Structures are given as C-alpha cells and as structure tokens.
Amino acid sequence: MMNKIYLSWEDVHAGVRLLAAKIKDSGRSYDRIIAVSRGGLLPAGILAYELNIRNCGAVCISSYDGDCMRADSEVELADAPQNIDAGTLIVDDLADSGRTFRILRRLYPQASYAAVYSKAKGRDTVDYCAAEMPDDWIVFPWD
C-alpha cells in the first residue's frame with residue numbers, strides 16, 4: 001500500500017505563497033491565469049490574488065473514464081481557453097506524472113506552467129514549483 005501525505009489548508013496556502021514568491025523573483029510577469037480543473041482551481045485563485053492578476057479562467061481536462069486512463073489522443077478538453085500566449089500562466093495543484101502538463105504544453109506551447117507541488121516524474125513539466133514531493137499519495141484538504 002502506498003504511503004499517504006496529508007496536506008492541510010495552511011500547508012497549501014503557504015505553498016502557493018512560496019510559489020508566488022518564486023514567480024515574482026523570476027522577473028517574468030503574467031496577465032492571465034488558467035487553472036487546471038479541478039485540482040488547480042483553488043491554488044490558481046490564491047495565486048491570482050498573490051500576483052494581482054484579475055484575468056482568470058480554467059481548462060477542464062479529462063484523462064480518465066471512471067478508473068480507466070484514456071490514451072493521450074483520447075483526452076478530452078472542455079471549455080478550452082483561446083488566445084493562450086506568453087503572458088499566460090497555467091496552474092495545477094500537483095505535477096505528479098507530468099502527463100496533464102505534457103498534453104497541455106503540446107496545445108499551449110507559449111504558456112508557462114506552475115504547480116504548487118511536483119514529484120520527480122512531473123518536475124520537468126513545470127516552470128515553477130513551490131516544493132518537490134516524494135512519490136507518495138498526496139491528499140489535499142479538498143479531497
């Protein structure tokens with residue numbers, strides 16, 4: 001059985017604030033945030049406040065049918081945002097395997113990608129990350 005790491009609301013908020021500081025320190029600025037639904041919705045909202053970005057949206061990506069993972073070619077995007085450019089920051093809670101961001105990078109190569117947390121397999125898919133996590137099951141407070 002896989003070990004589980006339970007994160008509190010305070011852990012996630014501190015992680016997003018650290019992520020915001022790293023983005024600010026990078027010298028890059030963004031005028032739009034796109035949350036990856038659903039896990040990225042809450043972190044993206046906090047990040048929007050921390051970075052003073054009002055233009056927010058979401059991309060709904062579905063890579064599972066129940067418990068079965070779809071092939072990359074069968075992944076569905078609902079409400080796919082338009083006009084994604086270098087001023088867009090796409091945000092998720094966790095870059096686990098990196099699959100979601102790899103799919104999105106093919107669709108939106110000009111955007112930047114941020115995750116509050118990443119694991120070793122997903123680290124290469126993010127431009128910004130607050131902290132790296134072990135390969136345990138991460139349980140967020142909204143789970």
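This is a predicted model: local features need pLDDT of at least 70, side-chain atom pairs count only at pLDDT 80 or more; totals for chains, interfaces and linings use all residues.
**Exercise 1.** Which residues of helix 2 are buried, and how are they placed around the axis?

*Solution.* Step one is to list the buried residues: Pro43, Ala44, Leu47 and Ala48. Step two is to look along the axis: these residues cover an arc of only 140 degrees, so they sit on the same side of helix 2. An α-helix has 3.6 residues a turn, so residues three or four places apart point the same way.

**Exercise 2.** How many aromatic pairs does a search of the whole structure find, and what is the geometry of the pair Tyr30 and Tyr128?

*Solution.* The search returns 5 aromatic pairs. For Tyr30 and Tyr128, start with the ring centres, which are 6.2 Å apart. Next take the planes: they stand at 85 degrees, so this pair is edge-to-face, the cut-off for that class being over 60 degrees. Now place the partners in the chain. Tyr30 is in the loop between helix 1 (9–26) and strand 2 (32–37), while Tyr128 is in strand 9 (residues 128–132); the pair links distant parts of the chain, 98 residues apart. Finally, check accessibility: Tyr30 has 10% and counts as buried, and Tyr128 is buried with a relative accessible area of 9%.

**Exercise 3.** Classify the ring pair of Tyr117 and Phe140, then name the aromatic cluster that contains them.

*Solution.* The ring centres of Tyr117 and Phe140 lie 6.1 Å apart with the planes at 45 degrees, so the pair is tilted. Tyr117 belongs to strand 8 (residues 112–118) and Phe140 to the segment after strand 10 (137–139), so the pair ties together parts 23 residues apart in sequence. Both Tyr117 and Phe140 are buried. The cluster is made up of Trp9, Tyr117, Phe140 and Trp142.

**Exercise 4.** Ser112 lies in strand 8. Leaving out residues up to four places away in sequence, which residues does Ser112 touch?

*Solution.* Begin with burial: Ser112 is buried, at a relative accessible area of 4%. Its contacts are Arg28, Tyr30, Thr88, Leu89, Ile90, Asp127 and Tyr128. Thr88 has 0% relative accessibility and counts as buried. With the sequence neighbours again left out up to four places away, Thr88 touches Tyr30, Arg32, Ile34, Ala111 and Ser112.

Definitions and conventions
Residues are numbered from 1 along each chain as its sequence is written. Side-chain values use heavy atoms; hydrogens and water are left out. Buried means under 20% relative accessible area, exposed over 50%, partly exposed in between (1.4 Å probe, protein chains only). Helices (H or I, at least four residues) and strands (E, at least two) are DSSP runs, numbered from the N terminus. The arc is that of the directions from the helix axis to the C-beta atoms. Rings of Phe, Tyr and Trp (its six-membered ring) pair if their centres lie within 6.5 Å; planes under 30 degrees apart count as stacked, over 60 as edge-to-face and the rest as tilted. Contact means heavy atoms within 4.5 Å.
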